[in-house]
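Okay, thanks for having me. Could you put the model up on the screen, please?

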Amino acid sequence: MTKSHFLLSVTLILTFATLTLASSPTKPYPSPYGDDPNSCEPTQFHHKDDSVPLRREVYGGGRIFDITHKYRVDMPSYGSPSGLGEFLWLRESIKNGSLANISEFKMLTHTGTHCDAPGHFYDEYFDAGFDIDSLDLEVLNGPALVVDVPRDKNITAEVMESLSIPKGVTRVIFRTLNTDRRLMWQSEFDTSYVGFTKDGAKWLVENTDIKLVGTDYLSVAAYDDLAPGHLFFLKGREIILVEALKLDGINPGLYSVHCLPLRLPGAEGAPIRCILIK
Ligand SMILES: [Zn+2]
């Protein structure tokens, strides 16, 4: 092959490769958001270079969805105007002569994607040991329904009734306006988030078999009904509340949910890793 032929071939191959990439026929759904809020491209397609760590929101070609928020200094924290702030630091570092890098972190147990135990709002349950380590993994793992709720109101009794969630459904994740507004991506705590009103919580407890309630901001209960909402849910000590789930790009429907909280005896809340499997 002459030099000019070789160059022509290389050019053709590159052109073909570019065309193939540019005309990628179908965009996978859901299109998870990466760290960049303006990016709706699946993160896994950005890294061809194996010297850069792969960070994914979706695994297995759209089979497994990570619905856990990454802990970030600029993530919102309940009641804080300026977000979580520094929570992780290198306590010992190789650069400073240590044998290994060892990090340390400190944060409220209700930071980011987390779950609540009965002791969170009932002091007698707290004293009796109904903590995170007492939560039933059977409830936290199994078939789950992701539902979209009306975008113009809190989750009231009327909204709950309109959702017509069948008896026998025990795990429901409620996707709300909070996801559309990307509240978990804004550092300032926003009191206008959507959550359960006290009558919505009461209706769920009295009329459904739901034992796992998941929502997409830092509290399942609306700001104005913070205590009564939690009190209705936690009173029977059967319902587990999972808060601040990352539901960007998740379609409503039936999944298998898998949530595993840290084992923290004595704690009424804990960080939790949650995934959905199709
Ligand atoms: Zn909580």
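First, the ground rules. This is a predicted model, so local features need pLDDT of at least 70 and side-chain atom pairs count only at pLDDT 80 or more, while totals for chains, interfaces and linings use all residues. Residues are numbered from 1 along each chain as its sequence is written.

On confidence: pLDDT is the predictor's own confidence in each residue, from 0 to 100. The protein averages 88, with 83% of residues at 70 or more. Residues 6-44 fall below 50, and that stretch has 34 contacts in the model beyond near neighbours in sequence. A contact is two C-beta atoms, placed from the backbone, within 7 Å.

Helices (H or I, at least four residues) and strands (E, at least two) are DSSP runs, numbered from the N terminus. Strands pair if DSSP finds at least two bridges between them. Strand 8 and strand 9 pair parallel, over three bridges, and L212 sits opposite I240. Between those strands the chain passes through helix 7, and the β-α-β crossover is right-handed; that's clockwise from the first strand over the helix to the second, with the strands pointing away from the viewer. Strand 5, residues 114-116, is joined to strand 9 by three bridges, antiparallel, and D116 has L241 as its bridge partner.

Buried is 20 or more other C-beta atoms within 10 Å of the residue's own, exposed is 12 or fewer, and partly exposed is in between. In general, side chains in a regular strand alternate between the two faces of the sheet.

Over to the helices. Helix 7 buries G229, H230, F232, F233 and L234, and their cover includes helix 6, strand 8 and strand 9. Helix 6 buries K198, G200, A201, W203 and L204, which pack against helix 4, strand 8 and helix 7.

A nonpolar core here is a set of buried Ala, Val, Leu, Ile, Met, Phe, Trp, Tyr and Cys residues joined through C-beta atoms within 7 Å. The largest has 54 residues, and V213 and V242 touch the most other members. Strand 11 gives the most to it, four residues. Beyond four places in sequence, V213's contacts include L204, F233 and L241.

Why call D248 buried? Because it has 23 C-beta neighbours inside 10 Å.
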